[in-house]
Amino acid sequence: MLNHTTVTEFLLLGFPSLHHQEYLIAIAFLASYLVILVGNLLIIALVLSDRDLHRPMYFFLCNLSSLEIFIATCIIPKTVASLLMGNKTISFPACIIQSYFYFLLGSTEFVLLAVMSYDRYVAICYPLQYPMLMNSRLCVQLLLGSWTAGFLATVVPTVLVVGLPFCNDNRIDHFFCEGVLLIKLSCAETQTVELINFITFSIILLGSLVMTAMSYLYIINTILRLPSASSRNKAFSTCSSHFTIVILGYGSCIFQYVQPSSHHTSYYKTVALLNTVVTPLMSPFIFSLRNEQMKKALKVGL
């Protein structure tokens with residue numbers, strides 16, 4: 001009978017090929033985190049303070065900015081501390097919690113992006129009925145629905161991972177805990193857990209993507225039928241920021257998570273950097289620089 005040592009903590013390998021540049025990487029992470037905080041908090045402050053932005057589109061944008069802050073906070077501070085202090089271990093409970101919140105927040109964000117595309121669909125395709133259709137009550141219900149979908153998509157895979165035995169090997173080739181990589185370290189049969197993971201994330205990613213794509217098909221069809229070029233440009237401008245974030249978010253995750261675990265490739269860290277650093281970092285600039293009302297509110301605020 002083989003002797004197994006039960007794992008109580010994991011070792012996050014981080015960036016082993018860049019070992020001598022870890023202090024520089026930590027500084028880059030920290031600088032990015034500060035910009036993420038300032039940029040997204042600024043958007044939240046502008047939406048809350050400017051009455052012209054008290055509309056469904058900006059209500060959802062405010063919540064998207066909050067999610068970007070939460071996602072970055074879930075990952076970056078621990079990563080910076082590990083790189084600076086050299087202590088790359090993380091306890092089993094802390095690892096599970098980090099993995100859970102990363103996927104909870106990420107899943108919620110994808111559903112929220114689909115909700116935002118639906119908001120643009122109603123605004124452009126049914127402009128006269130928009131205030132009545134997208135009322136405050138519906139906006140709150142859609143937001144709560146996004147969080148509920150994120151919770152339901154994450155809780156079952158997380159519970160299954162917690163129930164897995166982990167023996168001997170505790171090395172995670174990543175800079176934070178990710179459920180899919182944890183499954184690979186288990187010393188038990190994980191085929192069922194992998195299948196449930198695959199189905200769950202496929203539903204969230206592909207389901208929200210289909211909703212977003214359908215909304216944009218109707219939006220584009222409506223815009224192309226507008227009589228003047230100025231009307232078309234104005235309509236496109238209200239969607240361009242959201243569409244850019246959709247491309248950034250879905251473009252990387254679809255190929256990473258919506259495939260069987262055995263086919264996962266080695267670009268986890270690249271995808272994770274896009275989701276935890278690049279997108280939250282760029283989001284405030286995309287929404288503020290490409291949106292006339294946000295630029296106007298920013299000028300007034302300054």
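**A pocket and its surroundings**

Tutor: Sorted by class, the residues lining the second largest pocket are twelve nonpolar, four polar and one charged. Nonpolar here means Ala, Val, Leu, Ile, Met, Phe, Trp, Tyr, Cys and Pro; charged means Asp, Glu, Lys and Arg; the others, Gly among them, count as polar. You are looking at a predicted model, in which local features need pLDDT of at least 70 and side-chain atom pairs count only at pLDDT 80 or more, while totals for chains, interfaces and linings use all residues. Residues are numbered from 1 along each chain as its sequence is written, and side-chain values use heavy atoms, with hydrogens and water left out.

Now to the space itself. The second largest pocket holds about 260 Å³. Its lining has 17 residues, and those closest to the centre are His54, Arg55, Pro56, Phe59 and Ser136. Helix H1 (22–49), H2, H4 and helix H5 (136–162) each give two or more residues to this lining, and H2 gives the largest share, with five residues. Helices (H or I, at least four residues) and strands (E, at least two) are DSSP runs, numbered from the N terminus. On a 1 Å grid over the protein atoms alone, a pocket is an open set of points with protein on both sides within 12 Å along at least five of seven lines, whereas a cavity is a set where a 1.4 Å probe fits but cannot get out; lining residues have an atom within 4 Å of a point. Grid points are joined across faces, edges and corners, and a volume is the space filled by probe spheres set on the points.

Next comes the largest pocket, with a volume of about 540 Å³. Of the 20 residues that line it, Arg55, Arg120, Lys234, Ala235 and Thr238 lie nearest its centre. Two or more lining residues come from each of helix H2 (56–85), H3, helix H4 (130–133), helix H8 (229–257) and helix H10 (292–301). H8 supplies the largest share, five residues. By class, this lining has nine nonpolar, six polar and five charged residues.

Arg120 sits in helix H3, and with a relative accessible area of 8% it is buried. Buried means under 20% relative accessible area, exposed means over 50%, and partly exposed lies in between (1.4 Å probe, protein chains only). Leaving out residues up to four places away in sequence, Arg120 touches Met57, Tyr130, Ile219, Thr238 and Cys239; contact means heavy atoms within 4.5 Å.

His242 is a residue of helix H8, and its relative accessibility of 3% makes it buried. Beyond its neighbours within four places in sequence, His242 is in contact with Leu113, Met116, Ser117, Thr212, Tyr216 and Phe287.

Let us move on to the cavities. The structure has five of 30 Å³ or more. The largest cavity contains about 260 Å³ of space and is lined by 16 residues, with Gly106, Ser107, Phe110, Cys253 and Asn275 nearest its centre. At least two lining residues come from each of H2, H3, H7, H8 and helix H9 (268–289), and H3 provides the largest share, six residues. The classes are nine nonpolar, five polar and two charged residues.

The second largest cavity holds about 120 Å³. Among its lining residues are Ile96, Tyr100, Phe103, Pro157 and Phe201. Here H3, H5, helix H6 (179–185) and H7 each supply at least two, and the lining divides into seven nonpolar, five polar and no charged residues.

Three strands form an open sheet in the order S2-S1-S3, with mixed pairing. Strand S2 (89–91) and strand S3 (171–172) stand at the edges with a single partner strand each, so one side of each has no neighbour in the sheet. Two strands pair if DSSP finds at least two bridges between them. Strand S1 (residues 9–12) pairs with S2 in the antiparallel sense over three bridges, and Phe10 stands opposite Ile90 in S2. Helix H3 (residues 92–125) packs on this sheet, touching S1, S2 and S3, and its direction makes about 90 degrees with that of S2. Axes are lines fitted to C-alpha atoms, for helices over the stretch in contact, and angles run from 0 to 180 degrees between N-to-C directions.
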